[in-house]
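Thank you all for making the time this morning.

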Amino acid sequence: MILCFLLAILCIGYGILIRMAGSGTLFFAVWFGIAGLFIFSGIFIHWKLWQKLPVILVRIGSIVLALFLFFFLIIEGIIFSHFYDTGENNPEYIIVLGAQMREHGPSRVLRYRLDRAVEYLYEHPDAICVVSGGQGKNEPCSEAEGMAAYLEEQGIEKDRILLEPDSKTTSQNIRNSMNLIPQDAAIGIITNNFHLFRALQTAKKEGLTNISGIAADSSPLYLPNNMLREFLAEIKFLLP
């Protein structure tokens, strides 16, 4: 019981931390929901309410929980397997997926992606970069414009940067960026390590074959939140 309440406190604290990060989404509330589940579990265990349930319900609940944990570990393992992708098809074009743009420049998540792009472009002087992302309600400019400006500040030539400023989703990022890229080109997708697996899934769903991932870093502090969000997003992706 004590462990359940300690975990609940940790989840509440972490949810507050995510809220303070200002990601622009309400996903932080999920951590409050998980905290509620831990509190309920603690009460359930303390009062031994499980002993009052029919045996069949206890068994079904145990099976459902075991299956959930099994699929959770499998999916998280697959996501983690792309954390160190480096673009094995030696891409001629790279697509940098957009993320939140702030008044002072790219958000921390987006800077990770852009810094990885800068690194790749210096290593491959003939490669071309497509920066993809539209303008959200809380953004001062389109993500593509902000990303292009950041890359130029890091010494990347303007003629090596192509802008795609209209996308709102990962699917649109891929689809619209392909209008700027020759059909037979080898393509690399740059995004944060936790997001790369789903980005590649999306690209393949859009019909791309000569494609690989290039993983950018992410903040260890926010990684639990990002991994949980990706798990739920993957479930949504797999559902018909």
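Where in the chain is Gln183 found? Gln183 sits in the loop that runs between helix 6, residues 170–178, and strand 6. Before I go further, please keep in mind that this is a predicted model. Gln183 has a relative accessible area of 80%, and since anything over 50% is called exposed, this residue is therefore counted as exposed. For orientation, Gln183 and Leu208 are 25 residues apart along the chain, and their C-alpha atoms are separated by 9.4 Å.

Now let me step back to the overall picture. The protein has 240 residues, of which 43% count as buried, and it contains eight helices and seven strands. Taken along the principal axes, the C-alpha atoms fill a box of roughly 70 × 35 × 30 Å. The accessible surface comes to about 13500 Å², and 65% of that belongs to carbon and sulfur atoms. On the charged side chains, there are 19 positive and 23 negative ones, with the centres of the two sets lying 16 Å apart. If we take the contacts between residues at least 6 apart in sequence, 75% of them join residues at least 24 apart.

Five strands form an open sheet in the order 5-4-1-6-7, and the pairing is parallel. At the edges are strand 5, residues 161–164, and strand 7, residues 211–216, each of which pairs on one side only. From one strand to the next, the twist averages 25 degrees.

Strand 4, residues 128–132, runs parallel to strand 5 and is joined to it by four bridges, with Cys129 standing opposite Ile161 of strand 5. Further along, strand 1 and strand 6 also pair in the parallel sense, over four bridges, and here the bridge partner of Tyr93 is Ile187 in strand 6. Strand 6 then pairs with strand 7, again in the parallel sense, over six bridges, and Ile187 stands opposite Ile211 of strand 7.

Helix 5 covers residues 143–153, and its buried residues are Glu143, Ala144, Gly146, Met147, Ala148, Tyr150 and Leu151. The cover over those residues includes strand 1, strand 2 (101–102), strand 3 (105–106), helix 4, strand 4 and strand 5. Just after helix 5 comes Gly155, which takes a positive phi of about 95 degrees. There is also a positive phi in a residue other than glycine, namely Asn90, where the value is near 50 degrees; Asn90 belongs to the loop between helix 3 (55–80) and strand 1.

Ala215 has its place in strand 7, and at 10% relative accessibility it counts as buried. Which residues is Ala215 in contact with, leaving aside its neighbours within four places in sequence? They are His82, Phe83, Tyr84, Asp85, Arg116, Thr191, Asn193 and Leu196. For a sense of distance, Ala215 and Ile75 are 140 residues apart in sequence and 18 Å apart in space, C-alpha to C-alpha.

The other position is Glu230, which lies in helix 8, residues 223–238. Is Glu230 buried or exposed? Its relative accessibility is 4%, and since the cut-off for buried is under 20%, Glu230 counts as buried. Setting aside residues up to four places away in sequence, Glu230 touches Ile79, Phe194, His195 and Arg198.

Notes
Residues numbered from 1 in each chain as written. Heavy atoms only, no water. Helix = DSSP H or I, 4+ residues; strand = E, 2+ residues; numbered from the N terminus. Buried < 20%, exposed > 50% of the residue type's maximum accessible area, 1.4 Å probe, protein only. Contact = heavy atoms within 4.5 Å. Areas by Shrake-Rupley, 256 points an atom, 1.4 Å probe, with all protein chains shown as cover. Lys, Arg positive; Asp, Glu negative; His and termini not counted. Charge placed at Lys NZ, Arg CZ, Asp CG, Glu CD. Pairing = 2+ DSSP bridges. Axes fitted to C-alpha atoms, helices over the stretch in contact; angles between N-to-C directions.
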